[in-house]
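The following explanation accompanies a structural model.

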Amino acid sequence: MKIVKKAQAGTMQSSDLMVFLEPAETLNVTIESTVLKQFGPLIRAKVDEVLQKHGVEAGEVRITDRGALDYAIEARLETAIMRATEG
Amino acid sequence: MAGFKLRRSLLYVPGNMPSMLQNIPIFNCDSVIIDLEDAVPLSEKDAARHLVKRFLLNYTDRNKELLVRINPLDTKWGYEDLKVVLPAMPDGIRLPKADTPEIVERLDTLLTEFEEELEVEIGRFGILPSLESALGVINAVGIANSSERIFALAFGAEDYTASMEIERSRGGEELFNARTRVLWAAKAKGIQAVDTIFADVSDMEGLRAETELAKRLGYTGKCLVNPRQIEVVHDVFAPKQHEVEYALQVIEAIQRARQLGTGVIALGGKMVDAPVVKRAARVLRTAYAHGMVDTLIDEEAIHGAQ
């Protein structure tokens, strides 16, 4: 799927995250997290997995994480992708 | 008694809050109602249903009944809620604004279609209709009979008082007729009846009084808005030790009576006959569900051998 417009999903509550998507030529993922030191690589792996599952190959992906678990990362990213790709 | 499920406490959890969803496994309520309706702003309906789906798929070691309150079927979100959430296998759907039997029948048909598509047993998803308007209350009997999936009727006082253009009072006198009508419909159908929420989380005394009233009338459970309310509600619905002891004495007395070839006997100066035994049996079943007695009472003890 192609990111065709700006979109965001999620909240800034604890255990949640915000996902920001923007169209771009290449894929660029940045992650801010309260638990970046311990869980940065795991969050990144989850993000990559979800992007791949939805065939997102290019775009600006910004994540602001507030200690979200995997299911929430997956859900928020999915919602953002749907919002950024629908017509 | 096959299929007896204790539903004293049905706790609402907002569908768009990971911090609350994640606590579902540790809440000690009997059921949870994950809310996609009133607790979710219009702009977040899509986000909430996907969050709930991912949460449910991830919650494999389930330890309580999981219901999802969808948006009403006449909104643009209701059908989509079902489509996204049902593959994650909740136990049932709480249907808001179940004003007529036709609305519930429509949900029943949709659930059957999804069950076929998902290749699960037909009837797997239950329905808990919310009777929360004057029309819903008037139609209670028809609604109770509109689908075999319905395991209980829920009375919703907040929307009901809005539809009546009245205020909800602490004593609840204005709810009396509606509460009773919902109960009659549930009891006539042989299903459970779930009372409305008590919104003031800081007023535990008020919660206790209202729960006691609901129990006295015949309600079997109550909806809750905060986990802090669980304990009070369980305490009210738990059979008291003296009730359990008396119920055991009643069963013993009626068995003695039957040995003597009669169906009626005196116990402590009071008559014991079939309706008394039936009430005692209900106390003992609830006591069994609370772990207060070791064995589940059998049909023969209630009715006697033929």
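Which residues in α11(B) meet which residues in α12(B)? Glu243(B), Val244(B), Ala247(B), Val250(B), Ile251(B) and Ile254(B) of α11(B) meet Val276(B), Val277(B), Ala280(B), Val283(B), Leu284(B) and Ala287(B) of α12(B), contact being C-beta atoms, placed from the backbone, within 7 Å. These residues comprise 11 nonpolar, no polar and one charged (Ala, Val, Leu, Ile, Met, Phe, Trp, Tyr, Cys and Pro count as nonpolar, Asp, Glu, Lys and Arg as charged, the others, Gly among them, as polar).

This is a predicted model, in which local features need pLDDT of at least 70 and side-chain atom pairs count only at pLDDT 80 or more, while totals for chains, interfaces and linings use all residues. Residues are numbered from 1 along each chain as its sequence is written, and chains are lettered from A and ligands numbered from 1 in the order in which they are written.

Between chains, 11 residues of chain B are in contact with 14 residues of chain A. On the side of chain B that touches chain A, α2(B) gives the most, with seven residues (helices are DSSP runs of H or I, at least four residues, and strands runs of E, at least two, numbered from the N terminus). By class, that side has five nonpolar, four polar and two charged residues.

In chain A, Ser14(A) lies in the loop between β1 (7-10) and β2 (17-22). Ser14(A) touches Arg66(A), Gly67(A) and Ser19(B), not counting residues up to four places away in sequence.

Note on methods
Two residues are in contact if their C-beta atoms, placed from the backbone, lie within 7 Å.
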